[in-house]
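Dear colleague,

Please find the structure below, handed over for your files. My notes on it come after.

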Amino acid sequence: MKYMQKVFMTVFVMLVAVGTVFANGGGESQSGRGKGLIGVVMPTRSEERWIKDGNAVKEGLEKLGYTVDLQYSDDDIPTQSRQIDDMITKGVKVLVIASIDGSALSNQLANAAAAKIPVISYDRLLMQSRNVDYYVSFDNYKVGGQMGDILITGLKLAQATAAKPVIVELFAGSPDDNNSVGFYQGAMDKLQPYFDKGVLQVPSGQINRAVIGTLRWDAAEAQKRMENLLSAYYSGDVVLNGILSPYDPISLACLEACKAVGYGSTSGKPLPIVGGQDCIVASVKSILAGEQYATVLKDTRALGAATVTLVDTLMQGKTPTGLDTTSYNNGAKIVPSLLLDSVIVTKDNVQSAVIDTGYHTKAELGL
Ligand code: BGC
């Protein structure tokens, strides 16, 4: 009897062990890889936000017992493709991808689908492929609307008239990033009535997204364009009052170009009203110093947490619920999306929106 009990216990322990291995996605030992290996690819390490994003996703997943392979792609498409191929070979259970060029990864996505690896498109929508399972981002059209609102408020457009038009130049994001479309469209839909009334004018005439785009969100390229615009269209007494900017480093670069030709000094030409996006430390400092007017805060911690929950749901074999199934068509399908809210930050709410929430500490902001 004792012997039979021992045999029973041994078989029971073996079954529990086998069950645990299968529950973890098969093949991986509990000690070796925790609950499973998750691949996370971010576009570049040279921008503050993606480092925060990468850390938020990695830390959140590790807390739940997953192992994370986090890679940054140096804004180089072949590097990103290779990193994803490697992750598929390593047997990741879920792929989280923030792309460089949203349309450049179709082969990798097909390989992931063939290996039954769910793909989460992170912040930037992966385009022209059916092999994208979910999209986690902010409401990019609303973010664009906030960029427009920043100019409407900062330039007091409601009170302005066509007799004394307000002068602006426009910048857009990278043409290969689908977010640029939402940002531009959201902003232009807010600003269009003021263009129609002649209250807002663009001396360069450069308004189309194709013309005002900034490949790879490169601030140096934007600064060069701003310098060229200033020298070509702002001689004499034409004064630039505002700039539509989709990204904090572009905002700061444009302000530098303006300072270099005398804006913001005692020359009587105040710095133009400039918004931005990402709420980076340098821009918050600039806002506090009265230079950049505002930015849009997209809390990367919230995006990271939403992504972690989605990965965990998929790993438990459950179907995510409450997703938006109408807004984001990637050209091949509508991708079920989770869209978070963003917040405009001006000098007035840096304390409550940025410091009190712990997004940046006082020390980081030099306060
Ligand atoms: C992101 C922005 C970011 C930009 C440049 C966009 O796809 O949504 O938050 O500023 O890329 O990295």
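The notes below cover the basis of the model, the chain as a whole, its aromatic pairs and one serine.

This is a predicted model, in which local features need pLDDT of at least 70 and side-chain atom pairs count only at pLDDT 80 or more, while totals for chains, interfaces and linings use all residues. Residues are numbered from 1 along each chain as its sequence is written, and side-chain values use heavy atoms, with hydrogens and water left out.

The chain has 13 helices and 12 strands, taken as DSSP runs (helices H or I, at least four residues; strands E, at least two) and numbered from the N terminus. The C-alpha trace spans about 100 × 45 × 35 Å along its principal axes. Of the 367 residues, 51% count as buried (under 20% relative accessible area, with exposed over 50% and partly exposed in between, for a 1.4 Å probe and protein chains only). Among contacts (heavy atoms within 4.5 Å) between residues at least 6 apart in sequence, 72% join residues at least 24 apart.

The count of aromatic pairs comes to 3; rings of Phe, Tyr and Trp (its six-membered ring) pair if their centres lie within 6.5 Å, and planes under 30 degrees apart count as stacked, over 60 as edge-to-face and the rest as tilted. The ring centres of Y135 and Y328 are 4.9 Å apart with planes at 70 degrees, so this pair is edge-to-face. Because Y135 lies in strand β5 and Y328 in the loop between α12 (300-315) and β11 (337-340), the pair ties together parts that are 193 residues apart in sequence. Both Y135 and Y328 are buried.

F183 and W217 also form an edge-to-face pair, at 6.1 Å centre to centre and 65 degrees between the planes. F183 belongs to helix α7 (residues 179-196) and W217 to the loop between α8 (209-212) and α9 (219-233), so parts 34 residues apart in sequence are tied together. F183 is buried at 3% relative accessibility, and W217 is buried at 8%. Ring pairs link F183, W217 and Y247 into a cluster.

Strand β5 (residues 134-138) also holds S137, which is buried with a relative accessible area of 0%. The side chains of S137 and Y135 are joined by a polar contact of 3.2 Å (a pair of N or O atoms within 3.5 Å; within protein, one must be able to donate a hydrogen and the other to accept it, and residues adjacent in sequence count only if both atoms are side-chain atoms). Beyond its neighbours within four places in sequence, S137 is in contact with D123, L303, L338, L339 and L340.

With kind regards
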